[in-house]
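Student: I'm new to this one. Could you show it to me and let me ask where the labels come from?

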Amino acid sequence: MKKRIPSLLLATAMTSSLLAACSGTSQEPAAQPSGNTPSAPAPAGKTTVQFWHSLGGKNGDYINGLIQRFNESQDKVEVVGTFQGSYDETVTKLQQAVAAKTAPDITMLERAYVQMFAESEVLEDLTPYMAKSKLTVADFPEGLMGHSTFDKKLVSLPLNRSTPILHVNKTMLDEKGLAIPKTWDELKQVANALVIKENGEFKRYGYSMPYDTWYPIAMISEAKGKFFNDEGTSLGFQEEGIKTFKFLKELQGTGALYYPPAQDSGNIVNQMFTSGKIGMMFQSTGVIGSLKDNVKFDYVTAYMPMDQVYANPTGGANVAIMAGSQHKDAAWEFINWTMTDPKGGLKFILDSGYLPFTKKMTESQEMKDLWAKEPNRKVAYDQLQYAVDTNKHVAWPQVMQEFFKMIQAVMYDNKDIGASLDTFRKEAERIMKQ
């Protein structure tokens, strides 16, 4: 298995890049380059450490700021940060660089891709470095550590992480005397009550979500299903999947759910939310900052509504040291500083809006002050107690493509849910046996 991972990885990453380019499937707001050019060569006497990342736009500015602060904080290590495109594009370039022995010292990896690189044995075990710095796994929120340890090796740590969450136009709900939904049944009632239909056309829908696997996985988990079975040989859900998509199709039929076109779906639902065309949406925590600056109503966030249980998958990326790095100690200096220095990760989190990724950050006065000022962001962190990682499998990126096909068949083409799920299951099992 380990020998075939690199070629599988390349094919998967290329496919994912094409899909993400047209659908925004990276589970984050689209990354756009903005000043994300490599830093100048290291000054004499400093060890140069190459760091590849996937953050563009304002978040790219924030990660560049973090790198600059580290470089200015000491005189031994100079980190050179390079924007490599989306998460999927970074994976493709990293796989090629590993084969050519030109990989960076440190890389950002979308959490679902960590396992593939870990299986290829190209990620450094961080356990001894953690011990030297007196860090332990217990220093990190449990809900963010699901894609860090493989084969008893700690190969990555959380960095820019997020979860899906319910975003609510509370003004709209208040006008109707409606409470924020906590269950699927309440979500159905509230979403239907918000619908406005005139002359056969919907002028307002109840709620929406981007075209992505993230949200159906959350709902399947809320129905007490697992995406993969415990043996890693097949899917871990059947009735839970049928229940999820029946719920979505029923609401789609009444206008309670607007399911957007695949292309640019995240921006579409965000715009509909800020303009009052929908009252609620499932979306990433990563959009809270931009939404609060654009809405003209009382905007709040809440947990994803439960069915049988509360449950939500996490997203975003981790950071890892490449096993082939010639500067591992210097690379760890940067990662350790990011994890522990208030001028490092804490400021990056305060600036960007991602989830705090160490418990020390959550206990800081700066984070407490921010949460008091912006309680929407604390809701996202509190929801981590219900984090799940049921799509954790080395074959996930390929299986994900088949899951997208099922979503398309059901949500766009109105195909039979059971038959579509059966087709998906067969393809998933075929891939997982390879």
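Student: Why is Lys134 called exposed?

Tutor: This is a predicted model, and in it Lys134 has a relative accessible area of 76%. Lys134 is found in the loop between helix H5 (127-132) and strand E4 (149-150).

Student: How do you know whether Lys101 is buried or exposed?

Tutor: Check its relative accessible area, which is 76%. The cut-off for exposed is over 50%, so Lys101 counts as exposed. Lys101 is in the loop between helix H3 (87-100) and strand E3 (106-110). Phi is positive there as well, near 60°, and Lys101 is a residue other than glycine.

Student: What does Lys101 have to do with the second largest pocket?

Tutor: Lys101 is one of the lining residues nearest the centre of that pocket, along with Thr102, Ala103, Gly324 and Ser325. The lining has 13 residues, and the pocket holds about 290 Å³ of space. By class, you'd find six nonpolar, five polar and two charged residues in that lining.

Student: Now Gln115. Why is it called buried?

Tutor: The relative accessible area of Gln115 is 12%. You'll find Gln115 in helix H4 (residues 114-119). Leaving out residues up to four places away in sequence, Gln115 touches Phe150, Lys392, His393 and Val394.

Student: And what is Glu366 called, given its relative accessible area?

Tutor: Glu366 comes out at 43%. Buried would need under 20% and exposed over 50%, so Glu366 is partly exposed. Glu366 lies in helix H15 and, apart from neighbours within four places in sequence, is in contact with Leu346 and Leu350. Lys347 is 19 residues away from Glu366 in sequence, and their C-alpha atoms are 9.0 Å apart.

Student: How do you know that the buried residues of H13 line one face of the helix?

Tutor: Start with who they are: in helix H13 (residues 342-352), Gly344, Gly345, Leu346, Phe348, Ile349 and Ser352 are buried. Looking down the axis of H13, these buried residues fall within an arc of 150°, so they line one face. Pro342 and Lys343, on the other side of H13, are exposed.

Student: What covers the buried residues of H13?

Tutor: Several elements do, including helix H2 (57-73), strand E6 (157-162), helix H12 (328-340), helix H14 (359-363), H15 and H16.

Student: Where else do H15 and H16 turn up?

Tutor: In the lining of the second largest cavity, where helix H15 (365-373) and helix H16 (375-382) each supply at least two residues. That cavity has about 80 Å³ of space. Among its lining residues are Thr285, Tyr354, Met367, Trp371 and Arg377. Sorted by class, the lining has seven nonpolar, two polar and one charged residues.

Student: How many cavities of 30 Å³ or more are there in the whole structure?

Tutor: The search finds two.

Student: What makes the buried residues of H10 a single face?

Tutor: In helix H10 (residues 265-274), the buried residues are Ser265, Val269, Asn270, Met272 and Phe273. Viewed along the axis of H10, they stay within an arc of 165°, so they line one face of the helix. Just after H10, Gly276 has a positive phi of about 80°.

Student: How do you know that the length of H18 agrees with what a helix of 17 residues should span?

Tutor: At 1.5 Å a residue, helix H18 (residues 417-433) should span 24 Å, and its end C-alpha atoms are 24 Å apart, so the two agree.

Student: Which residues of H18 are buried?

Tutor: Ile417, Ser420, Leu421, Phe424, Arg425, Ala428, Ile431 and Met432. They cover an arc of only 140° around the axis, which puts them on the same side of H18. They pack against strand E10 (226-228), strand E11 (235-236), helix H9 (239-254) and helix H17 (396-412). The face turned away from that buried side carries the exposed residues Lys426 and Lys433.

Student: And the whole protein?

Tutor: The protein has 18 helices and 17 strands, and buried residues make up 57% of its 434 residues.

How values were computed
Residues numbered from 1 in each chain as written. Predicted model: local features only at pLDDT ≥ 70, side-chain atom pairs only at ≥ 80, totals over all residues. Heavy atoms only, no water. 1 Å grid on protein atoms, 1.4 Å probe; cavity = no way out; pocket = protein on both sides within 12 Å on 5 of 7 lines; lining within 4 Å. Points joined across faces, edges and corners; volume = space filled by probe spheres on them. Nonpolar A, V, L, I, M, F, W, Y, C, P; charged D, E, K, R; others polar. Helix = DSSP H or I, 4+ residues; strand = E, 2+ residues; numbered from the N terminus. Expected span 1.5 Å × (residues − 1). Buried < 20%, exposed > 50% of the residue type's maximum accessible area, 1.4 Å probe, protein only. Arc of directions from axis to C-beta. Contact = heavy atoms within 4.5 Å.
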